[in-house]
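I opened my notebook to write down what I looked up in this model.

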Amino acid sequence: MTHAPGADRPDELARAVALLREGRSVAFPTETVYGLGADARSAEAVRAVFRLKNRPPANPLIVHVADDAMARTVVAEWPARAQILADRFWPGPLTIVLRAAPGVPREVTGGGDTVALRCPDHPVALALLRAFGGPLVGPSANPSGSLSPTCARHVRDAFEDREVMVLDGGACRVGIESTVVSLAHDPARVLRAGAIGADELADALGETLDSDADAADRAEGSALASPGRLASHYAPDAPATLLGREELARELERAGDSLVVLAHEGVDAPAREGVALLVMPVDAHQYAHRLYAALHEADELSPERILIELPTARGPLWDAIRDRLRRACAPRG
Ligand code: TXA
Ligand code: MG
């Protein structure tokens, strides 16, 4: 595995572009999580990403673009609503699903007729896209189903035994994956909650959105054709349980096994060996920024279980955080 200390170094960027042109995968930072980049126009390069991630072939990939001009090269049509969202939220943590152009490899779309597009708000990602001069697929740079990476080390650890170049852009600012909104549905539908909430999208579009929390599951379920394994995602190695504060306190009193606890301040972990407490921020942005790093840290301690306090604060970012926590704690298929 090669490590690039930063894409402010033009030679690193040139090396990354040369690898991408050969059909290789290059991990790159975005403001949400690290992506595993490959030439979106090459079916072969995209297949290599699926192999690296061990990703089910029917689960489509997000295509990253430098701007809306590049986005138009990938879609069958670029509706006015797409322009509105791109103007308002790009570059940023919003993925827009549209009808795919006929030339988009079916590996990218998972065999469907739509494509997901995102312009990331990160200087290294944008520099890479511009230097490459074309769209890049960018699933999160982790083995399918496991925790998303929010720093270069997470990526290097996950693909330790593989030759994957990692452009190091530091810790990801947002920390959870982008909001996915489908304009292929009418009304528009939120398929994955993220930092940009359904209300903001509705406000921009001037329409009420379908933001049924189960829509994403259903969409992914139909794509994956194996609904049993869907709920579990973004999961740490150790079994994780989501608990209310009082339940958590009771569990901590009686538990005898080794535990890592993720909780807001004020939870008292018993002072015995084998219990580690990771105090989680009360600010939603800081919590999201910290979430995957905390879960990676928890795994590194190899506990028998991870216990997570369910945050109760309201707001779209908290909803997105709870979505990730529920998946991290869902029964494994
Ligand atoms: O923040 C992000 O979106 C990160 C960074 C790297 O950009 N990428 C990311 O990619 O999270 P990935 O592959 O881990 O998640 C993509 C999600 C999946 O839930 C997938 O099913 C959905 O987007 N998706 C991709 N293409 C789609 C399509 N055509 N229709 C519906 N959902 C789609
Ligand atoms: Mg992912």
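**Ground rules.** I am working with a predicted model, where local features need pLDDT of at least 70, side-chain atom pairs count only at pLDDT 80 or more, and totals for chains, interfaces and linings use all residues. Residues are numbered from 1 along each chain as its sequence is written, chains are lettered from A and ligands numbered from 1 in the order in which they are written, and side-chain values use heavy atoms, without hydrogens and water.

**Ligand 1.** I looked up its surroundings and found 23 residues (a heavy atom within 4 Å). Thr-32, Asn-59, His-64, Ser-178 and Arg-192 are the closest.

I then listed polar contacts (pairs of N or O atoms within 3.5 Å). A polar side-chain atom of Ser-178 is 2.5 Å from an oxygen atom of ligand 1, and one of Arg-118 is 2.9 Å from an oxygen atom of the ligand. A polar backbone atom of Gly-138 lies 3.3 Å from a nitrogen atom of ligand 1.

The protein covers 93% of the 680 Å² of accessible area (1.4 Å probe) that ligand 1 has on its own. Strand E6 (114–118) gives the largest share of the shell, 4 residues.

**Helix H10.** In H10 (residues 245–254), I noted Leu-248, Glu-251 and Leu-252 as buried (under 20% relative accessible area, 1.4 Å probe). They lie on the same side of H10 because their arc around the axis is only 100 degrees. Glu-246, Glu-253 and Arg-254, on the other side, are exposed (over 50%). The cover over the buried residues includes strands E11 (240–243), E12 (259–263) and E14 (305–309).

Methods
Helix = DSSP H or I, 4+ residues; strand = E, 2+ residues; numbered from the N terminus. Arc of directions from axis to C-beta. Contact = heavy atoms within 4.5 Å. Polar contact = N/O pair within 3.5 Å; in protein donor to acceptor, adjacent residues only side chain to side chain.
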